[in-house]
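Below is a short briefing on one chain. It covers contacts, fold elements, salt bridges and a charged patch.

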Amino acid sequence: MRRVKKKSIAVFMATVLLICAFPITVYADKISELEEEINKKNAEKEQTENEINEKKDELEDLNETAEGLKGQLNKLNADLTTVSNNLAELEEKIEIKNAEIETIESELEEAKKVEEEQYAAMKKRVQFMYEKRDYVMLEMLFGSASFSDFLNRNDYIEQLSAYDRKQLEQYKETRQEIEDKEAQLVKEKEELDELRASVEQEQNHVAGLVNQTSGKISSNQNEISQTEAEMLAYEKQLEAQKNDIANLQAELAEERRLSALAAQSAWRDISEISFAEGDRYLLANLIYCEAGNQPYEGQVAVGAVVMNRVMSSVFPDTVVGVIYQNKQFSPVASGRLALALAEDHATAACYKAADAAMAGQTTVGNCLFFRTPIEGLTGTQIGGHIFY
């Protein structure tokens, strides 16, 4: 008898250890997965932070380039203003030079005209004197009162001829001076024209540099805007990653709490549970609220979770106490359970599942929790619920 008793005790202890170990293993696996996921998210966050730092450096370089280009553009605009002013001064000088050339051309025309008139008059006098020489000499001879008067008249004729030649030479010299001045003015104008062409070329060159630099500034501003947009996207991504990590850490903390809770749990046998008169009614309606649209196996699973908690030492030891424990079952907080109880919404399947659970049947082992599936959560999935 003692051997049988010892053997029974050993089997019972092994069963208790197995029961206790099951949820602990589930929590350990979940904690490991969460820690791995948090490490992964932290690595992604670090990569995003590196991307943000790189974008900040790139943005700083772009802003420095922008400042340099703006300074270069200001200098080029100042150079362009100077060149344009020089060109305007040259245009004014050329205009003045053209007016001087027009004036000197008029003077030259007048000088040529006077010279031609003087030459024509002198030519006529010479021709007259040559053709009427004998007559003039006789006229002078017979018309003179005395030989002295004759010599005076002859001297007058010679002086007149000398005057004509002198005037002609002066007119020629005047014309030559005007022609030289005209040539000088034309030369100066040509030099001004060449200088203007050079300044216009310089103006076009500087204007081209201005346009080129303006284009670079525009391109630089586009790069700055693009980099700022990329950095903003990375910052939003970083914020999302931080939120994900915070949520995962909160979930990890909860899983650790649940793991510690399960580790501390001692379990009773179903035969040790005393049921109140309304427990079946209450459990069936809770099953309806939580899993009324789930398969029968899932409905039994919800009832088994309630009963597992009743058997666990860390939860209330009654069906009523487990179901109405603060913030444990959402239909209680939302009022759906109260409505279901008032009108008895539980179906025949829900009552059958409640009877099975209260009899010690389970489709999810010793799981204490269930919820809708989330990424990374492991356990037994039945229908739309994960049991763990």
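Among contacts in the chain (heavy atoms within 4.5 Å) between residues at least 6 apart in sequence, 77% join residues at least 24 apart. The model is predicted: local features need pLDDT of at least 70, side-chain atom pairs count only at pLDDT 80 or more, and totals for chains, interfaces and linings use all residues. Residues are numbered from 1 along each chain as its sequence is written, and side-chain values use heavy atoms, with hydrogens and water left out.

**Elements and burial**
- The chain has nine helices and three strands (DSSP runs, H or I of at least four residues for helices and E of at least two for strands, numbered from the N terminus).
- Of its 388 residues, 32% count as buried (under 20% relative accessible area; exposed is over 50%, partly exposed in between; 1.4 Å probe, protein chains only).

**Salt bridges**
- The whole structure holds nine salt bridges (a side-chain nitrogen of Lys or Arg within 4 Å of a carboxyl oxygen of Asp or Glu).
- Glu91 pairs with Arg196 at 3.2 Å between the closest N and O atoms; Glu91 is in helix 1 and Arg196 in helix 3 (residues 147-263), 105 residues apart.
- Glu49 and Lys45 form a salt bridge at 3.2 Å, N to O; Lys45 is buried at 19% relative accessibility, whereas Glu49 is partly exposed at 27%.
- A network of salt bridges links Lys41, Glu44 and Asp244.

**Charged patch**
- Glu102, Glu105, Glu109, Glu110, Glu116 and Glu117 form a negative surface patch (residues with over 30% relative accessible area and no salt bridge, like charges joined within 9 Å).
- Glu116, in helix 1 (residues 2-131), is exposed at 56% relative accessibility.

Key
Patches are made of residues with over 30% relative accessible area and no salt bridge: like charges are joined within 9 Å, nonpolar side chains (Val, Leu, Ile, Met, Phe, Trp, Tyr) within 5 Å. Accessible areas come from the Shrake-Rupley method with a 1.4 Å probe; for residues, only the protein chains shown count as cover. Lys and Arg count as positive and Asp and Glu as negative; His and the chain ends are not counted. The place of a charge is taken as NZ of Lys, CZ of Arg, CG of Asp or CD of Glu.
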